[in-house]
Amino acid sequence: MVMSSESLPSLLSTRSPLQNSSSSRGCSVPKSNRLFGTDGIRGKAGQLLTPALAMQVGFWAGTVLKQETGQTGTLMMGQDSRCSSDMLAMSLTSGLTAAGLDVWNMGLCPTPAVAYLTHHTEALGGVMISASHNPPEDNGIKFFGADGSKLSLEIQQMIEDHLHFSAAEHISGGSVWGHHHTCPDLAQVYLESLQKPFIGTLNLQGMKIVLDLAWGAATQLAPKLFERMGANVICLHERPDGTRINVNCGSTHLDSLKTAVALHEADLGFAFDGDADRVLAIDNTGRTVDGDYILYLWGQHLKQAGQLPDSKIVATVMSNLGFERAWEKQGGQLIRADVGDQYVHAEMLNHNAMLGGEQSGHILCRHYGIGGDGLQTALHIAAIVKQSGVTLHELVEGSFVTYPQILKNVRVEDRDRRCHWQSCEPLQNAISKAEAAMGDQGRILVRASGTEPLIRVMVEAADFDMVHHWCDYLVGVVDQHLVP
């Protein structure tokens, strides 16, 4: 069944978000063996993410959401362009409808579109099928609660605990089945919401903007958005292509965008990831403008408008010391959260902060939405540049100087070793040695990735030689003691 936004008067009504239960149930599965990571379930399609697993996840997610809300109803669904996304969508839908939920599938759309439509309708929740910036062979499943935010860790754990039981044995007969609806036009409702804050106040006419769409979820909406706002738009990797999503393009590979900005003498460029919940920018000189700079510039703009309470910004442990110290010199507060937009969001709520994000380009602004939104962020940065009357390069040059920072990844396939890296005594001794040598002139961050089989080693200091030396040293220790 294909349905348009005009067919949805009962769903597209404003309502107060349902609150997720704050269950105190303990984890019966050790953290190292958890299926849900920092951004849902993610792994190789056909290996970890099989149709059978997706059906199980759909059934138990639907069952748990019904139990937690005490209601039945609708789940919003979207997907990126990966070749495995249709397979997983069908399997998830099978499980969700077996649990008695209706599924409204928007098809190809950005992750923030699912979050937005979930929040602004009477849906019980949402689900996005995507592995974000990961390579084409990976895929993922991430759920949203009724308010459009990522499901709490407690509810994710409840779903995971149920996966030990066969869904087939719990599916009852009768008339409890849900229905599937194909709703591609709902993405236009999301697109209109991005434009709404600027109607009558912003025109990007005269600006030339390059968009790297990464063969992914932004391909259908991002060009329309910037063209409607008056910009001259040049697109790279502009078709949905599941075999090439994120391959040498998008927010993790900026070379082609830099080349295009120079070739077309553009004002700036934006690179999205596969599901368009993050974005990085390139200024008119080819300089990378990462999430720290975006937070600083947007923070200044909101502060001047009186829309940044107590000048608070939430960043992560990855954010540069140069950003932190420059923001503090302006009388601002920088609050650090763990890596992951759900942790940034939690700290924003805890501290009543309106702006937060990650160096990687996940930016959250509570004035306009709940989660990270690459299209929203890109449009606001373009607006700041347009309204300032100067180039993005000049804005960045007048902001702050980054401390030298090196981030290196070591692939550690052994999950137990990776997730318990803190118990590796030689590595802990090496970290202590490096910290003692750098003192207050630098900092070290070692962590296991929540989305890939990697140990990430980050070293930052005022002196580049010091950064390079200690990063190589720590990577060598990780490689020696954690890689079989």
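Reader: What does partly exposed mean here, and how large is the relative accessible area of Arg411?

Author: Buried means under 20% relative accessible area, exposed over 50%, and partly exposed in between. This is a predicted model. Arg411 falls in between, so it counts as partly exposed, with a relative accessible area of 43%.

Reader: Is Asp241 buried or exposed?

Author: Asp241 forms a salt bridge with Arg244, their closest N and O atoms being 2.8 Å apart. Arg244 is partly exposed at 33% relative accessibility. Asp241 has 17%, and under 20% means buried, so Asp241 is buried.

Reader: How many residues apart in sequence are the parts tied together by Glu397 and Arg287?

Author: Glu397 and Arg287 form a salt bridge, with the closest N and O atoms 2.4 Å apart. Glu397 lies in helix H12, and Arg287 in the loop between strands E11 and E12, so the pair ties together parts whose separation in sequence is 110 residues.

Reader: At what angle do the axes of helix H1 and helix H2 cross?

Author: Two packed helices are described by the angle and the distance between their axes. H1 passes H2 in a right-handed crossing. The contact has 10 nonpolar, five polar and no charged residues. The axes come within 7 Å and cross at roughly 35°.

Notes:
Residues numbered from 1 in each chain as written. Predicted model: local features only at pLDDT ≥ 70, side-chain atom pairs only at ≥ 80, totals over all residues. Heavy atoms only, no water. Axes fitted to C-alpha atoms, helices over the stretch in contact; angles between N-to-C directions. Helix = DSSP H or I, 4+ residues; strand = E, 2+ residues; numbered from the N terminus. Left-handed = near helix turned anticlockwise from the far one by under 90°. Nonpolar A, V, L, I, M, F, W, Y, C, P; charged D, E, K, R; others polar. Salt bridge = Lys/Arg side-chain N within 4 Å of Asp/Glu carboxyl O. Buried < 20%, exposed > 50% of the residue type's maximum accessible area, 1.4 Å probe, protein only.
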